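Let's take a walk through this structure by way of its charged side chains. Here it is.

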Amino acid sequence: MPEKTVRKSPFVDRVPALRNKKWGGMENKESEALGSEILKAGKPAVQEIMAGLQEVDNGSDWKERLLLHMLVTDLSVPERKKERGMLAATFVEEAASDRPASVRAFLIQELRLIAEESVVPKLVPLLRDKSPLVVDAAAAAMVSIGEGARKPLQEALKGAENHSKSAIKHALNQLG
Amino acid sequence: MSDETGKKSSQEEQVNIGRRSFVKGAAAAGVFQIVAPHVLGGPKHTPPSETFGAALIGAGGRGPGTFGDLSGRHKLAIREIARCDVKWVGKADNKTRYTDFRRLLERKDIDIVAIATPPHWHALISIAAMEAGKDVVCEKPMTRFIAEGRAVLETARRTKKIFQIGTYGRFGQKTEMRKIIRAGFAKGREVRIIRRGGFKVGQWSGPIQIDPRPVPDYLDWEMYCGPSPLKPFHPPRFGGMHRGYWDYDGGGLTDMGQHHLDPLCFAMGKDDEHPVEITAHAPPAHPEVTGMWGWSRLAYADGVELILESGEWGKPHGLKEKGIGRGDLTEAERRQLDEIPDEDPLVGFGEAVKTRVQAGGNADTSHHSVCLMHLTNLAIRTGRTIKFDPEKEVAIGDEGANRLINQPMRAPWHL
């Protein structure tokens, strides 16, 4: 499904260009300021960045991916629980949308680093997604959540079929 | 082959029984006048019981070199049984050529496996090989993330199979500093070792704007991705440039780091100990490709510091190296040091295979050296100082970091 044309987040333009097709980095002061401003602008700013993610993984959306990952890693510390909750909720909401599977899988892979029990109810339906990419990513996120995901995984296993069934079983095995 | 207790394996027993039966029968028949000398053995002949069936998994790139080391560097008499590679779709006969390492490992005539796949496969294949009763030489880096290393070393301990990492700088290192640090004399003194350059950071950073292509007919892409997420086929993800993707490796740091840091780890006497605090100077990391970093500072519990400096990004840390030697000790400390017996020399892989004494670059020591790179990458990827519990191998109070220390695998693969 072709992506809709969307307004580019102004934050994206502040990421420096690649050098020889590679990520050459940016000054820490600039990245910290960028992260703070995005979070200050809140959920709409995060969604605007997400809107720039592209179905075809050809690197054209690398700045969006970089910014989203930067937010995730910055907030993956205990003391930023409140902001993390907002970010995780935004990620899981977008992952459950009608965006292409490759985009949703990326969002769930990122969510894995910050997902807590609170997002489990919204992750569970993704374990039965028709895309194996989404199912695999959701199963991995459940494993990272840990014990709190065990019962919901056991429940989700009931009636699961094909790829979903094997991914859920595998997630339970990895939980030990 | 004999095991660690000196008991002969059933395979060797069979060979010896066969030889005894032959000699007895031959003597009765009076055939000794006509047999060639090599049949009975001699100084230049390797008896069958000392010839090892060997296989290579990951036949491209470093593979042939790693396999060649078995007979070259390690001076083992090798009989090549088979090779395995995911790029042999349609060419595998499951006799001498495989695409699935699990089928190769089922063979009982393979004693030693050389592993030269990309690093995201190192731990899983090393574990499966040792579980299947094989000794292992595995290319560096030993693993892709920290929890994998713990699983490999526990398998090596449990199975008592020989494991050697494919880097040999620790053999022949000087031992004075090691002995001093291990004796506890670094505590309270300034000791800082610096490794500058050689990490190929820019060279092995991943390229970003690459169009996906159809998977080539000859390649089992699903198997190649293995425990990592299934991604579209971008040519650089396969065949050398894989080093630049977090899915498969950790950039130039992990590619070159074990060469540089395994010998340092030995010389510093830290090959059974992890640092407790790690700081890196680096820009925000991309989620999929490895990127630039300037330096990292890894501090051990006794105050000894290791600094890695790429010289390829940002400002230098500005600290100076300060080693420790006998001249830095008091007379009383020197006397104490002299009373500590020297350690046994490191055992090479070839000797280890024959004597069943663990190799010098074994799973324990290699895990501790590769963790220096993994911990540095952890600080790079999270952008913060990591406080590490060296016993539990977890980041203290940092769940985000711990989710990179132990990463779920894609079905059916798991540790």
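How many salt bridges are there over all chains? The count comes to 52, where a salt bridge is a side-chain nitrogen of Lys or Arg within 4 Å of a carboxyl oxygen of Asp or Glu. Side chains of opposite charge can pair when their charged atoms come close.

A word on the ground rules. This is a predicted model, in which local features need pLDDT of at least 70 and side-chain atom pairs count only at pLDDT 80 or more, while totals for chains, interfaces and linings use all residues. Residues are numbered from 1 along each chain as its sequence is written, chains are lettered from A and ligands numbered from 1 in the order in which they are written, and side-chain values use heavy atoms, leaving out hydrogens and water.

Start with B:Glu80, whose side chain meets that of B:Arg83 at 2.8 Å, N to O. B:Glu80 is partly exposed, at 42% relative accessibility (buried means under 20% relative accessible area, exposed over 50%, partly exposed in between, with a 1.4 Å probe and protein chains only).

Next come B:Glu190 and B:Arg192, in a salt bridge of 3.1 Å, N to O. B:Glu190 is partly exposed at 47%, but B:Arg192 is buried at 8%.

Now look at B:Lys231 and B:Glu288, with their closest N and O atoms 3.7 Å apart.

Finally, shared partners join several salt bridges into one network, including B:Arg170, B:Asp262 and B:Glu343.
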